[in-house]
Amino acid sequence: MTDSTNSADWRSEAVPNETSGRAAGKDRRTDSNGATVGGKVRQMSTGKLLVVDDDNNLVELVRVKLQSAGYEVATASKAEDAIEAAKGAVFDLCILDLRLADRSGISLMRELHSINPDMPVIILTGYGSVESAVEAMQEGAYNYLTKPFNTQELLLQIKRALENRRLNSEIQRLRGLLEEQFDFTNIVARSDKMRSVLDIVSRIANTESTVYLHGESGTGKEIIAKAIHLASPRRDNPFVAINCAALPETLLESELFGHEKGAFTGANRSTKGLFSQAHEGTIFLDEIGDMPPSIQAKLLRALQERQFYPVGSEKPVFVDVRIIVATNKQLEDEVAKGAFRQDLFYRLHVIPIHLPPLRERKEDIPHLADRFLKKLSQQMKKDVKGVTPQAMQKLMLYDWPGNVRELENTLEYAVAMTRQDMITEDSVLQTKNSLASANQEDLNPQMNIALKGPLKSYKEAKTLRRQSERSR
Ligand SMILES: Nc1ncnc2c1ncn2[C@@H]1O[C@H](COP(=O)(O)OP(=O)(O)O)[C@@H](O)[C@H]1O
Ligand SMILES: [Mg+2]
């Protein structure tokens, strides 16, 4: 930093001979954001800050310093003034004394955050009360400074906090774009976990690399495979899917690679296999872990040589396909057991994508429910408008071993059975006896559970942000 501000303690410093209201632009210094234009220093407002401390001298000192650095500054020495100020203007950052005369700093911070959730708060704390500062950070403060602190330190913290906030809103914006990009696929991805799945998808869709999807049944492996195909340059060519667990060995081989007329009993004419049908497109091999060893060998050869022989044929076939495989097994274990070829595993395990189970991303549930209800009530020509808060609580508390598919089926049944325009607790309970056993003590009828997930992840995001900040 080129800041020439001295680094003496606030408290030991004399108040500089400037009036606090003076425009920062006339100040002799530049800060990191100040630019020199035609030999004159031009300073832009680099942010609007709120300083809250019941020590008026300190507040004035901080105000002068921050204005010199180009910030717009408002001050308050009482909690209620701070709240008034926050209601009247949007602040980019707040500097808050933990020990105010009229209220605890933490509870004030909570209220300020309820007015402006994105505003970073830097806590000021006396020597010896670091514990409460740490508590404040757990409650969402950005960082803390122990008094006495120096100018450089404070300015650096502010700069970092604002930069962090800018990056976060940029991330939000990009995420919005990501969602729009995949809107056509109807994939719900509100949780951070599903968003990072879509983020990977958008990065790798353009490549030719083999994708390895793993996750429990019903987590969305197939819908993601389709999304990859649709986001790839192959989108106008075929997407062919086959479940390797669904067919006996001989049938699977001829399904995949085709056969010559007379290759086996009943082969009255030659057929093209799915690999040939997927030429210039994508083939999706579902339940790859259940592929019999003989076909594993043939698939490996096909991958290595980019050609294969249809059953009963000696003429090689060349195809250009992108391969996506999926499994709900721990394929590494199958390899260790000798049930799956290691060499094939490495060929397939190029871009692994994990689909998290629904119970690990419950904040997706209200949005999935919304999406499914719209679709289902249209299909069944019913006017179902939504899910009651009580029913939603049940949906949120259940663990969904069958993941998104189970949620979809549950709602399908509920929509089919209902005579009302809302899905009630009862209609969900009729479907899911298991939901009835959801722990009553966990239920809070006042709580709008639909908000619980996003709120939780917002907190999580904050914790992560703080951790990454501290490790800098
Ligand atoms: N994120 C999601 N958004 C919308 N629908 C989803 C999502 N994930 C799964 N589904 C739906 O749930 C059902 C099961 O998904 P699927 O892709 O077949 O899972 P898997 O292949 O992992 O068993 C499908 O009807 C699918 O459309
Ligand atoms: Mg599937």
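This is a predicted model: local features need pLDDT of at least 70, side-chain atom pairs count only at pLDDT 80 or more; totals for chains, interfaces and linings use all residues.

Biologist: Which strands form the edges of the open five-stranded sheet?

Modeller: The sheet is open, and its strands pair in parallel in the order β4-β3-β5-β6-β7. An edge strand here pairs on one side only. That applies to β4 (72–76) and β7 (143–146).

Biologist: At about what angle to β4 does helix α1 run?

Modeller: Helix α1 (residues 56–68) lies across β3 (48–52), β4 and β5 (93–97). Angles are taken between N-to-C directions on a scale from 0 to 180 degrees. For α1 and β4 the value is about 170 degrees.

Biologist: Which strands does helix α3 lie across?

Modeller: Helix α3 spans residues 105–115 and runs at about 160 degrees to β5. The strands it lies across are β5 and β6.

Biologist: Which domains each give at least three residues to the shell around ligand 1?

Modeller: There are 18 residues around ligand 1, and Val188, Gly220, Lys221, Glu222 and Val404 come nearest. Elements giving two or more residues to this shell are α7 (221–230), α13 (365–379) and α15 (403–417). By domain, at least three residues come from each of domain 2 (183–356) and domain 3 (359–470).

Biologist: How many charged residues are in the shell around ligand 1?

Modeller: Sorted by class, the shell has seven nonpolar and six polar residues. Its charged residues number five.

How values were computed. Residues are numbered from 1 along each chain as its sequence is written. Chains are lettered from A and ligands numbered from 1 in the order in which they are written. Two strands pair if DSSP finds at least two bridges between them. Helices (H or I, at least four residues) and strands (E, at least two) are DSSP runs, numbered from the N terminus. Two residues are in contact if their C-beta atoms, placed from the backbone, lie within 7 Å. A residue is near a molecule or strand if its C-beta atom, placed from the backbone, lies within 6 Å of it. Ala, Val, Leu, Ile, Met, Phe, Trp, Tyr, Cys and Pro count as nonpolar, Asp, Glu, Lys and Arg as charged, and the others, Gly among them, as polar. Domain bounds come from an automatic or database domain assignment.
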